[in-house]
Every structure is written in C-alpha cells, then in structure tokens.
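Let's take a walk through this one, starting with what the database record says and then moving on to the contacts and the strands.

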Amino acid sequence: MTTDTPTSTEVDSGNTTPGSPRRRRSGSVTGTGRLASALVSPTLLVLAVVVMYPIIAALYQSLFVSGQRLDAQGFVVEGRQFVGLGTYADILFGPAAERFWNAFWNTTFFTAVTVTLEAVLGMAMALVMHQAFRGRGLVRASVLVPWAIPTAVSALLWRWIFAPDGVANAILDQQVLWSSQAIASKIAVITAEVWKTAPFVGLLVLAGLQVISREVHEAATVDGAGAWRRFWHITLPLVKPALVVAVLFRMLDALRMFDLPFILIGQQKDSVETLSMLAFSEATNVHYGPAAAYATLLFAYVALIAFVFVKLLGADVIGEARSQVPKNRGARFRRGKGSAR
Amino acid sequence: MTTATGDERRTTRRRFEAKKWLPILGVAGIVLYCLAPFYWMVVTAFRRPADQYDLSPLPRTWSVENFRAVFEPGTGFGRALLNSLIVASTTTILTLVIGTSTAYALARLAFRGKNLVLSLIIATSMFPGISLIVPLLRLFTDIGWINTYQAMILPSLSFALPLAVWNLTMFFRQMPQELEQAAMVDGCTPGQAFRRIIVPLAAPGMFTTAILTFILAWNEFIIALSMVNEQNMQTVTVAISKFTGATQYDQPFGTQMAAGVIVTIPLVIGVLIFQRRIIAGLTSGGLK
Amino acid sequence: MKSLRWRSISVMMVSAFVVAGCGGGGGDSSASSEISGRGPITFATGKDVTGAVTQAVETWNGSHPDQRVRLIELPADGDQQRQQMVQNAQTESGAFTVLDLDNVWNAEFAANRWVVELPKDEFDFSPFLKSAMKTARYRGRLFSVPAYSDGGLLYYRKDLLNKVDAQPPTTREEMREICAEVLELPAAEGMSCYAGQHAKYEGLTVNFAEAVHGAGGQIVNDQGQPTVDSPEALRGLETMVEGFRSGTIPRAAIAYKEQPNKRAFIGGELVFSRNWPFMWSQANADDGSSKVAGKFAVAPLPGITGKGVSSLGGHNLAISSFAENKATALDFIKFYTSKKQQRQRLVKGSLAPTRSALYDDPELQRKYPYLDTLKKSIKSAEPRPRVVNYGDVTLAIQDEVYAAISGDKKPDKALNALQRRLEKLIEQK
C-alpha cells in the first residue's frame, strides 16, 4: 500500500514478464494470469483471515464503547453505543490524551534511539566481520545468538541482569533502580533491544558489503583515497540499499515494541509504556473500543513512517531495482525517486 | 607501490600490523558483546538455587538443580517442547509452501496489480500483533479451535507469511530470467517450469526463509498464551511464564534461566550448523 | 476464473466484517445464570506452587469419578490470570468453570455477569471471617466464596528491639522512635528502619490503602463515593512521603515488591518490614540463606493516628456464567471451602484459611506461630475499593501515589488529582 508508485508498476510489470519480447499467443497471458491468481490467493486468503479480519474488526470496534453504565441492580448494561470518532477525539485531545501522547513519544523515542544505535553498531560489526579472516565462523555464529533467544526469555535475562542486586549494578558499582527510575528504565529497555537486534542488522549489512567487488576498493586505494573517504564515498553508498531496508524493517518492528518493556520493566509504567502496551492494557481492562482505536492509530503511524521512508529515502522494499538489473549486482543501488541527493 | 621509500614502507608495515590486530580486537569485541549476557544466563542456570544471587563469574558449586526443576512432572516442560516443535515446524512448512508459490508469482509472472499485492502483503505485517488476539480468539472460540494446534499455527502465519513472501520474492527476482524461458522453449508450462527448474534452484533461499520462520514461530509467546489453556497443549515460552519460585512472590530466575538455556540451545546449535547457509541466503536474496 | 477467486476473497472479507460486527455485543449469549447440570468441570487457578491445590482436586476426583475436576494452571502473575479469565469471559468460552478470583475482582466479574449469583442459603457463612465475606458480595448479592485469606504483618527484629528494651510499635511514630534508638546500636550499622511495597504495581495500592485506613480515612466510603481528598487520606500519604524524605524508608524501597523487600529483611538490612505471611518460613530458614532466622517476630501493622489496618488479601471461588455443569461447580466450591479442606491446605501449603476457627487451632498455631497475629491482622483488615472497574481505579491510585512518593507531586496535589480521577471513574459506573 505504501511502497507502490504508479510509474514503477508499469515499468516493473513490463520488465519482468517472462519472455515478453517474444510472447507467442495471447493464451499464455491468460494462462499466466490464472496461474498467478492461483499462486497468490492462498497467501491473501490466509492473511485475510488472520490479519485483515482483525484489522476490520478493530476499526469497527473503535467506533463503539461498551460497559460504561450500570443498571439499577448494578449490572453492566450490555450492548454498546456508537460513538463514531469520539474515542479518537478522547485519545488525541481529551482525557486520554496525556497517556496516549506519553506512549506515543516513548514509542517514537525508543524507535529513533534503538534503530540509530543498531544501524551504527551493525555497520561497525559488518565492517569488522568483512575484514576478519580468523574466527569468521565463530563471530558469525555468535552474532546470531542474541537474535535466536526468544524475546520473552531475553527480557527475563535482562530483568535479571538489571535487578536491584543484579550484575549490572555490581559492574557499575552503583545502586541504580532500573525498574523504577525513568531514565534508567529507558536505558535498560534500549540496551536489551539493541543487544538483540544490532548483530542481526550487522549481518544484513555484511550481506550488502559482500557484493561490493574488491576491485572497486583496490582501485580507490590506488587512487590514494584514505580509509575514511573510501568508507564514506564507496562503501556507504553501496551498502545503502541494504542498510535502508534493514533500518526500515527494524523501525516497523520497534514501533510495535511490546514484550521487552512489558516483561523487563512491567506494565503501566509511564517511562516505558509504548503504544502496543497501551492497547494491550486497555484491552485487559475491557475497554475494547479504546484498545482498538490505539491499535488503529499505531497501525496508521507505522504505515505513515513506512510511506515516508520509502518516498524520502527510496527504500527499495519491493525490490524493483534489483529485478530490473539482476545481473549487474554491483549496480544494485538505485536512487529512489524522491532521493535526498 | 613498488617505488615506496623506506619511510613509506615503515608506515605501511605499521599499518599492516594494525590491520592484522584491529580485526581480531573487533572480532573479540563483537563476540564478547553478543555472548556475555548469554553467558550470564548459562552461569545463573548452573548455580544452586540458594546461590542464585551470587555474582561470581563461575558458580561456586555447580548444580543442575535448576534444570531438574524445569523438568519436574508438574511443569509439563517436555510436552511443551514437543508442542513448540510441532507448532513451529508446521508453521514453517505451511509458510514455505504457501509463501513460495506466491513469491514466485510476484517475482516472475506478469499480472495486473502485482506491486499492489506485494505492498499489501508487506503492509499486513505493520499491524500491531497483540491487537490481532481478541478478534481471533472470538473467532476460534466460535468454531471450537481453542486448545488446538491450528489455533496457534494460523495466527503465527500472520507474521511469518509476509516475511517469507517478501524474502522469497527478492530471492526469485535475482535468478536469471532465461531459466524459465529455456524451460518453456522446451515445452514446459509455467507451472512445470516452476516445479522442475525454479524450486530446486531456489532451495538455498527457501532454506534461509525456513530457518528464519522457524525461529520466529518458536519464539512466539502471546498467541500461544491466549489460544491455549490446557497444560498439555502449551508451548515452551508459555511454560516458562508459568514457572514459580517457592512462593507466588518469588521470581524463579534460576529456573527461568535454565529453561531459557534449554529453549535456546537447539536454536544456537542449528544456527551454528547452518550459519553458512543462513548468511548465503541473506546475501543472495532478501534481507531480514 | 481469476475474477471469481478475487470475488470469493472479497466475499470472505465482507463476511469477516459482518462477524466482527455481531461478535461484540454479547447480547444473546450462551450464558446462563441457572445453577444446574452435573459432569466434568475445570478449575482455573494460579500456579499451584505447593501442591496443596492439586491434592484437594485429587481428593475430590477420588470420590466423584463422574464429575471430575481438571485443574487449569494460569500464569503465576496475577494480572495475567485476570487477563486470561477476562478473555475467556469475553469470548463466552466454557473452558473455565470454577474461577479462582483475587477478591478485588469480585465486583467486576459480578457486574459484568461473567460469574453467576450463588445461592446464599446453601452456605453457612457464620464461621467465615467477616472481613473476607465483604469481598464475596456485590450489591448485597453473593457471587463468590472466600477460599483463601491474607493479611499484612509487621515483621520486626526481636533481637534488636530487645537490646533497646522496646515493644513492637502500634503506630508509625513509635516505630520511628524505636528505630532512632536501634540504629544507634553497633549491631545495626548500615541498616534502615522500614520498608513495605512501594513499586508501581498492585502492592502500592495495598500499602497506600493501609496508610489511609491507618490514619482513619477511606479511599471509597460506604456509599461508594471516593474520599481521598480528606485530611485523613492526606495524613496517610504524607506519612509515606515523609518516610522516604527522612530516610526512614530506604531510597531503594521505591522499587520494592514483596520479594526484594523479603531479600532486604532476611539479609539483615531492615529493622521493620511490612510483608505477607509467606516470608515467615523463608526468614526462618536455617540453610544459611537467611541472616535473621530466629531473630525476628511478627506484630499487627502499626497505625498512623489510630490502630493499624491491613489491606485484605485473598482469593474467592466463583462460577463462570459460560460454563456447563454449574451444579457440580457449586458442590466443588462447598467442598473446597470446607473446614477440612482449608485445614489441609494450611498444613500442606501454608495457605491462610477464611474460617476463623482454624486460626485458634493449637496444633496449627504450633506449626505456624504467626497464626494468632495473622488472625488479628485479617480480622481488622479492610478490603481495597470494591468497584466494578477496579483495574482503572488501582491504576489511578498507583499513578498519583507513585508521583507523590517519588517527589514529582506534592501529596495534596496528588490526592486532589486522584479524587477527580476516581470521581470520574466511579461516576461512569
């Protein structure tokens, strides 16, 4: 929905038709179309049930409130009232606004900080791994370990590390109350999140690095380009497509962050409450209308970020560039239409 | 290079030395960064419960008491491991079967609205996962799916499938177009071309996708917690959440860490064995 | 062909929409308030840590082969237990028959008709603790039966108090005076005076309610109106805030839940600790894990202006509206809350009973020397606010009280804000 541009659709479909230059009969087009819909529909069917249905249910639910009144005997009046966009108004400007915007800024802050750190650390790790010849297997395997540990378990692990008499305080020789001080709890969440995902970003960037031919680097070295200049002018532009896509996908994940702060710090803590946690907390307190509205707003926010990212940075999410120049791998980098340069 | 003066040569040598040692330092740094917290988890798991709060780098007395507690009959942990295996493998297989065919169509076939479909599939992965639970729970209750494997597997497809489709689409696009053309010249239909030519060649990409999907499905928690309330149907991540200490107020870090080690070790071994393949798949195709 | 497929997908999505539209109201549910039907049932409860619950269920199953009870263990965390039960009710699932409710959830579950009204006259509640019975009713009607009780105790270092020749305090002021003397002792070097549970979670509501009640105030009065803007409530909150400011309560205690509090006390860092009975046996452990084994005793909680009032803990059993075989469920509740069963759970699992006679049993008192003090604590205990939207109410309390004790808000400002929030929350209902 966000990654599609009209021009690219035409270019793309023209380009990837197998044998389109020598299309023989119109029958093969119908055949292809039929095959395509047969192949695509199972996925769409599954996603319709497990994602589209809940999305629509949530949208619809967010227009109602229920359980607000008691009858004479003290029972909750059943059924629900249509309030239109009233719930959204409450969330954005009304009584729920304070909690919503707090969660909104937490979410944004976590996303910005963790993704930046992950990109920088991941880049550094990728450069090291690219250079390393000794211990290559070891480093690659260990890089995958943080990512392979279930989030629910790694959140417990970090909770244990950040316990009042845990090892983090012993190393720092301080009595930091990680679970209750605002800044400290944010740092705890960020540390745990970055630990888990930075190595993986590193692997993705490494994948991008490895397609840069050695000759390009050597040529630059001969031309007298210093290491920094080589990094800035050759390496970075060439890994940019891989990095941008990795960062985008990390952002989409980070914006929906839930288990980690939930288990590591706890629920209903202002300093770490994210939008996902807010939606969850409302749902457990049987405010399904507001819960659905939070989920919808978060969905819109994620989609907006993805859209902006694709438009501004030309994140090649649907792989148009690569499908157009499949053989010339060194030239995979394509400037997006709205590229900043 | 051959006309380097002595001065330059010395600089080059020094640089060479630095070049030799920096990566090793870097490697050591990365390994430490990635493994130190995991190390702490293992060490905690091997302490005696009474020493749980010790901060010594190695257990004073090694003990498997925590591991024994994990497998106590009441916890149903063995059964939970089996359930996780069933749910994660079935999710992986379904994702691969459905995802591969869709990705092939999106990458290699011409039809209208192709990019729209791909974008739509990617967009579905943007909806906050926890908000899927209540509507699906209601649906599954109505059709009597509570406490079944499919009630955990089907929702898991919501995050596995978009990822797999995207990953595989990128992978298929990288393969030379001439393959099917050659096959079709030889009289294959597009379907045959797909089965006989493309699938075998796409094996590395599918393998990577399979591992990624398996790990994601294995690590899933909130769906499994909500869809199942019988102990003999619960998965490991849920089982871990139900560990308790001596009383309801005690957090059993030791047992939880031991269980965490047990849950993670198969994945780490798998990753160790297949790391070359995982990286090859990442390099040649999609990302993440 | 192609368009047909697309159409079938869109039809599916539309029908999904329709399902979404109709699923929410729950107007004509399968719920039935009639207590009838016998057969197998389930019992949804928190993790059975001691095996005492399993033992009870096995005893029942031995004598009721056709009406077996299956134990469903929910996560150890109370919030997660409640969430699973609410989800279960929202989906009108019959998976849980008998629910083990924290007694503060009684009003919410009753008002939403998630649990059925129970026949009062089939029970004899005279042997039950009066305070516990308050939590079983909603607007005068019975919806649950108290199965466990719990009350806060003041743990104190008998050895240190003896050195300064002091009796356990009955007010916070006395406690401070004793501390001033005790902390002068060389043996008390580096120790702090007192800690309860002050992290931002349910325990903070418990401790705040105790402070307010101990100062003669109420959070919600008998007419159901919030009264936290009273001078008594302010006195209670100021005592908590002053504790942190003066250092009577150590700074680290702002992150304390039951377990870190216990670690501080058994590590010899505290003279006084407010905690539940579970700490008794762990603090008396002689395997070297406790530095205070044999050196402490318990007393009822101290008050602030009047006598100390504990918040009432405990769990009640109720029957889900959506389950079958409710008659079996009712029989099981009678069995489970019987004197014999409660005694057995106390012996095997140290689970505090809701029948007052058991507290006076000499044999049990020998086994649990704190029993007599606990009875005093529970008898004078007050339930936390019995409101329908307790989840919202406790969150509001935690928000404002935490802001006050962490120094972000002046106590009177925090209580004024809390009063407004509670009025809004309770008026809605």
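UniProt, in an unreviewed entry, lists residues 35–60, 109–129, 141–162, 182–209, 230–252 and 291–313 of chain A as "transmembrane region"; its positions are given here in the numbering of this model, feature names are shortened, and annotations may be inferred rather than shown by experiment. Keep in mind that this is a predicted model, where local features need pLDDT of at least 70, side-chain atom pairs count only at pLDDT 80 or more, and totals for chains, interfaces and linings use all residues. Residues are numbered from 1 along each chain as its sequence is written, with chains lettered from A and ligands numbered from 1 in the order in which they are written.

Two of those spans are worth a look. Residues 109–129 of chain A are 100% helix and 0% strand, with end C-alpha atoms 29 Å apart. For residues 182–209 of chain A, the end C-alpha atoms lie 39 Å apart, and again the span is 100% helix and 0% strand. (Helices, H or I of at least four residues, and strands, E of at least two, are DSSP runs numbered from the N terminus.)

Now for chain A's partner. The contact takes 91 residues from chain A and 85 from chain B, counting residues whose C-beta atoms, placed from the backbone, lie within 7 Å. On the chain B side, helix α12 (residues 253–284) gives the largest share, 14 residues.

Over in chain C, an open sheet of 4 strands runs β8-β9-β7-β10 with mixed pairing; strands pair if DSSP finds at least two bridges between them. The edges are β8 (192–195) and β10 (296–299) of chain C. Strand β8(C) runs parallel to β9 (residues 270–275) of chain C, joined by 3 bridges; Ala195(C) has Ser273(C) as its bridge partner in β9(C).

Notes: Contact = placed C-beta atoms within 7 Å.
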